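What follows is a brisk report on one protein model. Keep the structure open while reading.

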Amino acid sequence: MARDESRWQRIYRVVRRIPRGRVATYGQIAHLAGLPRRARQVGYALHALPQGSRVPWQRVLNARGELSPRAAPDAERLQRVLLEAEGVCFDARGRVDLARFGWRPRSTAL
């Protein structure tokens, strides 16, 4: 468990770097956290965030720029509302244009 917590802390550190109005993919976060090809682990870590956490989980989308289904009722609607409040736009299919709103960090260092 301690190993997961350490990995999760790296994931949270990367997610905290995503600026308002920008999004990143699960795979991108995994790569930047030093966990290549472990996008699902990013999802598990974000799912485990406690209520009221200041980690901006809403800024992480799947590789198609879509919201990923969540177990909690209305979580996807909440995520969309939070992103739209930051100026992120969705197209008619519910996707975010990653070329326009995708986060491109200047540094990959944690």
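By class, 16 nonpolar, seven polar and four charged residues make up the lining of the largest pocket in this predicted model. The lining counts 27 residues, and those nearest the pocket centre are Leu46, His47, Leu49, Trp57 and Arg70. Two elements give two or more residues each to the lining: helix H3 (39–47) and helix H4 (75–85). H3 gives the most, with six residues. The space in the largest pocket comes to about 780 Å³. Rolling a probe the size of a water molecule over the atoms shows where empty space is left.

**Helix H3**

Which residues of H3 are buried? They are Gln41, Val42, Ala45 and Leu46. These residues cover an arc of only 135 degrees around the axis, and therefore sit on the same side of H3. An α-helix has 3.6 residues a turn, so residues three or four places apart point the same way. The other side of H3 carries Arg40, Tyr44 and His47, which are exposed. Yet Leu46 is one of the buried residues of H3, whereas His47 is exposed.

**Helix H4**

Ala75, Gln79 and Leu83 are the buried residues of H4. Seen down the axis of H4, they fall within an arc of 70 degrees, so they line one face of the helix. That buried set packs against S2. Arg77 and Ala85 are exposed, on the face of H4 turned away from its buried side. Just after H4 comes Gly87, with a positive phi of about 95 degrees.

What lies 3.1 Å from a polar atom of the Gln79 side chain? The backbone oxygen of Val60 does. Beyond residues up to four places away in sequence, Gln79 touches Trp57, Gln58, Val60, Leu61, Leu67 and Arg70.

Arg59 is in the loop between H3 and S2. Is Arg59 buried or exposed? At 9% relative accessibility, Arg59 counts as buried, because the cut-off for buried is under 20%. Leaving aside neighbours within four places in sequence, Arg59 is in contact with Ile18, Pro19, Arg20, Arg22, Val23, Ala24, Leu83 and Glu86. Leu83 in that list is one of the buried residues of H4.

Trp103 is in the segment after helix H5 (98–101). Its relative accessibility is 9%, and it counts as buried. Residues up to four places away in sequence aside, Trp103 touches Val14, Arg17, Ile18, Pro19, Arg22, Val23, Ala24, Gln28, Ile29 and Leu32. Leu32, one of the contacts of Trp103, belongs to helix H2. Leu32 is buried too, with a relative accessible area of 8%.

Leu32 and Gln58 are 26 residues apart in sequence and 17 Å apart in space. Trp103 and Glu86 are 17 residues apart in sequence and 14 Å apart in space.

**Positive phi in loops**

Most residues other than glycine have a negative phi, and most peptide bonds are trans. Two residues here have a positive phi although neither is a glycine.

| Residue | Phi | Loop | Relative accessible area |
|---|---|---|---|
| Arg37 | about 60 degrees | between helix H2 (26–32) and H3 | 82% |
| Asp74 | about 65 degrees | between strand S2 (60–61) and H4 | 52% |

Are these two residues buried or exposed? Arg37 is exposed, with a relative accessible area of 82%. Asp74 also counts as exposed, because its 52% relative accessibility is over the 50% cut-off.

Terms used:
Residues numbered from 1 in each chain as written. Predicted model: local features only at pLDDT ≥ 70, side-chain atom pairs only at ≥ 80, totals over all residues. Heavy atoms only, no water. 1 Å grid on protein atoms, 1.4 Å probe; cavity = no way out; pocket = protein on both sides within 12 Å on 5 of 7 lines; lining within 4 Å. Points joined across faces, edges and corners; volume = space filled by probe spheres on them. Helix = DSSP H or I, 4+ residues; strand = E, 2+ residues; numbered from the N terminus. Nonpolar A, V, L, I, M, F, W, Y, C, P; charged D, E, K, R; others polar. Buried < 20%, exposed > 50% of the residue type's maximum accessible area, 1.4 Å probe, protein only. Arc of directions from axis to C-beta. Polar contact = N/O pair within 3.5 Å; in protein donor to acceptor, adjacent residues only side chain to side chain. Contact = heavy atoms within 4.5 Å.
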